[in-house]
Amino acid sequence: MKITLKSESIAKVNKLLSLCPDTFSYVPLKLYVDDANNSYVSIETVDINGDIVFSGRVLVEQLELQPGTGMVVRLPLNKTIISTIFGSNFDLIEISKNKINAKSKNKNISIAMYQMSEDDILEFPYTNIELFNLAVEENRLENINFVNFDIDSNEIKDFLDCVSVLSSPESIDIISENSRLKVTCSDYSGNELEYTFDKPSNCDFIAKYDMNLIKVLNKIYRFKEYTINMLISNLLAAFTLKDEDSTITIAVTAQRS
């Protein structure tokens, strides 16, 4: 089977790939047509330690597939794939189980791919609320409090600028109490940060995260064209990015006490 992506779809998939956290060396790339005959490209994966979940899909131009069918390939995430293949000006990209061919008038690149393992093919919901509910259900938990709110890239950058004064902090503490969401962290040099998000918080919890949370926020804030919804709990933090054609969620699990 060979599936062709044209230039508009290539650009959409490039944005999806660019949002994948650096912890992934490859991803299962799904190309499929749903039962309503809508064509999508999606990625649903979790890193080897279970610390980061990525689940996103983008609506693309009609794929030459029957409704309810698709293909999954093992796509390496490196500069060649993201920048050269999907980030360049190719007229079309042909994707099969073991090869990618990128073509335009003056260039033709063929990249071999490794075999896809069935264990790597996962199914996750695409929004932070649904992903949170799935995690609660899978862990057989009850009464897990969370807050969620819309946040823009400027607010994220303001927080990240404050974190940047610290020298390699190991963890980030998040406290939700008295209708406030407060973040604290420090480093070995004695530098300290306390940051309060100006957002409503109607429940109480305490959570601790490692620096994966900051890495994900650094990735997200550069994509200003999306709306961003932020969910925080003592189970996970999850960020859903949306535009007209895409729904993408990146989640970071909280540290175990």
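Which residues line the largest cavity? The views below take up this cavity, the nonpolar cores, the salt bridges and the pockets. This is a predicted model, in which local features need pLDDT of at least 70 and side-chain atom pairs count only at pLDDT 80 or more, while totals for chains, interfaces and linings use all residues. Residues are numbered from 1 along each chain as its sequence is written, and side-chain values use heavy atoms, with hydrogens and water left out.

**View A. The largest cavity and its lining.** F159, I174, L181, V183, F197, L213, L217 and M230 line the largest cavity. On a 1 Å grid over the protein atoms alone, a cavity is a set of points where a 1.4 Å probe fits but cannot get out, and lining residues have an atom within 4 Å of a point. The space inside is about 50 Å³, where a volume is the space filled by probe spheres set on the points, joined across faces, edges and corners. Strand 11 (180-186) and helix 5 (212-220) each supply at least two lining residues; helices (H or I, at least four residues) and strands (E, at least two) are DSSP runs, numbered from the N terminus. The lining has eight nonpolar, no polar and no charged residues. Here Ala, Val, Leu, Ile, Met, Phe, Trp, Tyr, Cys and Pro count as nonpolar, Asp, Glu, Lys and Arg as charged, and the others, Gly among them, as polar.

**View B. The largest nonpolar core.** Of its 74 residues, L17, F86, I95 and F159 touch the most other members. Helix 5 gives the largest share of this core, five residues. A nonpolar core is a set of buried Ala, Val, Leu, Ile, Met, Phe, Trp, Tyr and Cys residues joined through side-chain atoms within 4.5 Å. Buried means under 20% relative accessible area, exposed over 50%, and partly exposed in between (1.4 Å probe, protein chains only). Leaving out residues up to four places away in sequence, L17 touches V27, L29, I43, L75, L77, I82 and F86, a contact being heavy atoms within 4.5 Å.

**View C. The salt bridge between K2 and E94.** The side chains of K2 and E94 meet at 3.8 Å, N to O. A salt bridge is a side-chain nitrogen of Lys or Arg within 4 Å of a carboxyl oxygen of Asp or Glu. Because K2 lies in strand 1 (residues 2-6) and E94 in strand 6 (residues 92-96), the pair ties together parts that are 92 residues apart in sequence. K2 is exposed, at 53% relative accessibility, whereas E94 is buried, at 14%.

**View D. The salt bridge between K208 and D173.** The closest N and O atoms of this pair are 2.7 Å apart. K208 lies in strand 13 and D173 in strand 10 (residues 172-177), so the pair joins parts 35 residues apart in sequence. K208 is partly exposed, at 34% relative accessibility, and D173 is partly exposed, at 24%.

**View E. The largest pocket.** Its volume is about 520 Å³. A pocket is an open set of grid points with protein on both sides within 12 Å along at least five of seven lines. Of the 21 lining residues, A135, N139, L235, T253 and R256 lie nearest its centre. Helix 3 gives the most to this lining, with four residues. By class, the lining has 12 nonpolar, six polar and three charged residues.
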